Amino acid sequence: MLYINDLTKKYGSYTAVNHLTLHIPEGDLFGFVGPNGAGKTTTIRIVCGLMRANAGSVQIGNISAAVGSRKMKRLIGYVPDFFGVYDNLKVKEYMDMYGSMYGMSSRDIAKLSDDLLELVNLSDKKEVYVDTLSRGMKQRLCVARALLHNPRLLILDEPSSGLDPRARVEMKELLKNLHAMGKTIVISSHILSELSEMCTSIGIMNRGQLVTAGRIEDIMKKISGGRRIHLRVLSDMEPALRLLREQAQVRVESVRENEVIILFDGEETRLAGLLGMLLQNQVLVTDFHREEGSLESLFMQLTGGVAE
Amino acid sequence: MKIRWNPIVKKDLQVTARSMRISWGLFAYEAALALAFLLVLAIIQEEADSWYSDNFYSYLVVLFPVLAVVQVCIVTLIVPIITASAISGEKERQTFDLMLTTCMTPFSIVFGKVMSAVINILLFVAASTPVMALSFVVGGMRWSYLFYFLLAILLQAVFSGSIGIFASSLCRKSIVAVLLSFSIYGGFYVLTALPPLISMIFGMGRNMGESALFLLLNPVVFFEEFFMLLMTGETMFNGTISKGDAGIVTYMLSHYNLWIYVSAGCMLLVSFLFMLMAAWKVNPLHSGTGVRKKK
Ligand SMILES: Nc1ncnc2c1ncn2[C@@H]1O[C@H](COP(=O)(O)OP(=O)(O)O)[C@@H](O)[C@H]1O
Ligand SMILES: [Mg+2]
């Protein structure tokens, strides 16, 4: 769907995006992750035609058009990392304005904007002035606005920064719905865990370079935390520990009251075997899970690696 | 056929119509005009000894040009201010990038901005019709003059407005853009007069060539000719330029009453060029560095 080819962008002598090559397949919910200053916004702005790259190309679908051409712009819905609203303009008029900027007829705009405002849960705010909306509402309005011309690709730059937890959840639900409707979506964020549960694939960027990209399961497997298993037992800890230490693939990392964290090197079947072995030996296992949220640690690991 | 509004014009009119600025603007505009009206009346009265002399009524003829010039001055002062802050204003609200990601071309954005400023100011001018009408009645003018006057002021609004938008595309700060647009606009008053002046001074009365053609872009000359034509029906060059004095084009323009139309055409063309340059400048794909305002 979106092909970014060898993209390079320099600000003076500073290289913000460095030979970035990335392919995002159709129908994906792609998480674009990287610490602040990694070059995510720069990449997105180039794709949206708001900036010229020093080198490289961008292609959407099989359409060959220059970045920033009208043809290309029709394919992209862009939700920037700012709101961009006017005083003295009502929600309905705001939608109306952007619709007509895409050359849509007022009848189409009226119909579509009704549907979209419904989708983003703002149908009761049509006559409200845009600048009086809450941050979460503004953000959802921006999504509705970006969808008005029915783009094939929706790009959101840090959509949940500055939102309260509730608004974040609503945003996440909205994006999941849109994904289910078949839209290809790209979300950038500097928080990995925020994306990991909803994205189908992610790309990690640091210092202008792509560190890794792929399906989320594949990335998860690479994580050291993926090897980290939390184990909780009801019975006495000692026999369990003894059994664990006997296993070649297991390294006990830390032991707490009745919880032990182990590092496991091996395949999934072996892991299942480990659990079976414990149970057979009358260890009362109450909890046995792979550490989560450790995408963060992967992140540190991967991005740290580039830094060195 | 359905007329498609430029979305920016529509939005700008919606937004300004709701702000207090426009009410105050209208008030100030009408007040300034009424003040000018009274002032001129007072001066005429001074000059013409008494209300009852025949002299008095013949003086009233100047009411219309004076009020018209006052309006032209206000308009050419306000329109560049509006357009000079148009692009930086959108950038401050961070809506400019959003516009650029739509199918609006940079030119249609620039054009829309100039048009909304012009339409806004025409609202002021239209509201001044009663005062102008008074000057007609007492000055004995024809009604069609009002129409010509509207066209002329529209032209100046577009001209000064596109200079404003051009300045706006160059400067990040609104205030700098306003100053720059006044300098450029002022430049048209001063610099266009230099070539004919120089050739007159150093030419020692010999053929001044086509140097006077620069004056086609001079608003003062435009309005002088405009009022000359309206008030007397004759061009101000009437008989002053003979074949030996100037180049053939200058001679033709002055001789056949063409000056005003060619001048208007040139001003429109230059306005168009300024808008084109502004559009080129705001197009993010043209500026190599891609400077972006830091938050
Ligand atoms: N207009 C600009 N001029 C100079 N440097 C910039 C500009 N915009 C961004 N940068 C720099 O480029 C780098 C990448 O920025 P950005 O793409 O915004 O990162 P991200 O969105 O991943 O946080 C940063 O180091 C930033 O300081
Ligand atoms: Mg960013």
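User: In this predicted model, in which kind of crossing, left-handed or right-handed, does α7(B) pass α9(B)?

Analyst: The crossing in which α7(B) passes α9(B) is right-handed. As a general idea, two packed helices are described by the angle between their axes and the distance between the axes. Here α7(B) and helix α9 of chain B, residues 144-170, pack at an angle of about 140 degrees, and their axes are 9 Å apart. Since angles over 145 degrees would count as roughly antiparallel and those from 65 to 115 as roughly perpendicular, α7(B) and α9(B) are therefore oblique to each other.

User: Which residues in α7(B) meet which residues in α9(B), and how many of the contact residues are nonpolar, polar or charged?

Analyst: From α7(B) come B:V110, B:K113, B:V114, B:M115, B:V118, B:I121, B:L122 and B:V125, and these meet B:F149, B:L150, B:I153, B:L154, B:A157, B:V158, B:G161, B:S162 and B:I165 in α9(B). Sorted by class, this contact of α7(B) with α9(B) holds 14 nonpolar, 2 polar and 1 charged residues.

User: At what angle do α4(B) and α7(B) cross, and which residues make them meet?

Analyst: The axes of α4(B) and α7(B) cross at roughly 145 degrees and come within 10 Å, and this crossing is right-handed. On the α4(B) side the residues are B:Q71, B:V75, B:I78, B:V79, B:I82 and B:T83, which meet B:K113, B:V114, B:A117, B:I121 and B:V125 in α7(B). By class, the contact of α4(B) with α7(B) has 8 nonpolar, 2 polar and 1 charged residues.

User: How does α4(B) pack with α10(B), in terms of angle and distance between axes?

Analyst: Helix α10 of chain B spans residues 174-190, and α4(B) packs with it at an angle of about 135 degrees, with the axes 9 Å apart. That angle makes α4(B) oblique to α10(B), and α4(B) passes α10(B) in a right-handed crossing. The contact is formed by B:T76, B:L77, B:P80, B:I81 and B:A84 of α4(B) together with B:A177, B:V178, B:S181, B:F182 and B:Y185 of α10(B). In this contact there are 8 nonpolar and 2 polar residues, and no charged ones.

User: How much space lies in the largest pocket, and which helix gives the largest share of its lining?

Analyst: The largest pocket holds about 740 Å³ of space. Of its 25 lining residues, the closest to the centre are B:T16, B:R21, B:I82, B:S85 and B:N120. At least two lining residues each are supplied by α1 (7-18), α2 (20-47), α4 (63-84), α5 (86-92) and α7 (106-127) of chain B, while the largest share, 6 residues, comes from α7(B). By class, the lining comprises 10 nonpolar, 8 polar and 7 charged residues.

Conventions
Residues are numbered from 1 along each chain as its sequence is written. Chains are lettered from A and ligands numbered from 1 in the order in which they are written. This is a predicted model: local features need pLDDT of at least 70, side-chain atom pairs count only at pLDDT 80 or more; totals for chains, interfaces and linings use all residues. Side-chain values use heavy atoms; hydrogens and water are left out. On a 1 Å grid over the protein atoms alone, a cavity is a set of points where a 1.4 Å probe fits but cannot get out, and a pocket is an open set with protein on both sides within 12 Å along at least five of seven lines; lining residues have an atom within 4 Å of a point. Grid points are joined across faces, edges and corners, and a volume is the space filled by probe spheres set on the points. Helices (H or I, at least four residues) and strands (E, at least two) are DSSP runs, numbered from the N terminus. Ala, Val, Leu, Ile, Met, Phe, Trp, Tyr, Cys and Pro count as nonpolar, Asp, Glu, Lys and Arg as charged, and the others, Gly among them, as polar. Axes are lines fitted to C-alpha atoms, for helices over the stretch in contact, and angles run from 0 to 180 degrees between N-to-C directions. Angles under 35 degrees count as roughly parallel, over 145 as roughly antiparallel, 65 to 115 as roughly perpendicular and the rest as oblique. A crossing is left-handed if the near helix is turned anticlockwise from the far one by less than a right angle, and right-handed if clockwise. Contact means heavy atoms within 4.5 Å.
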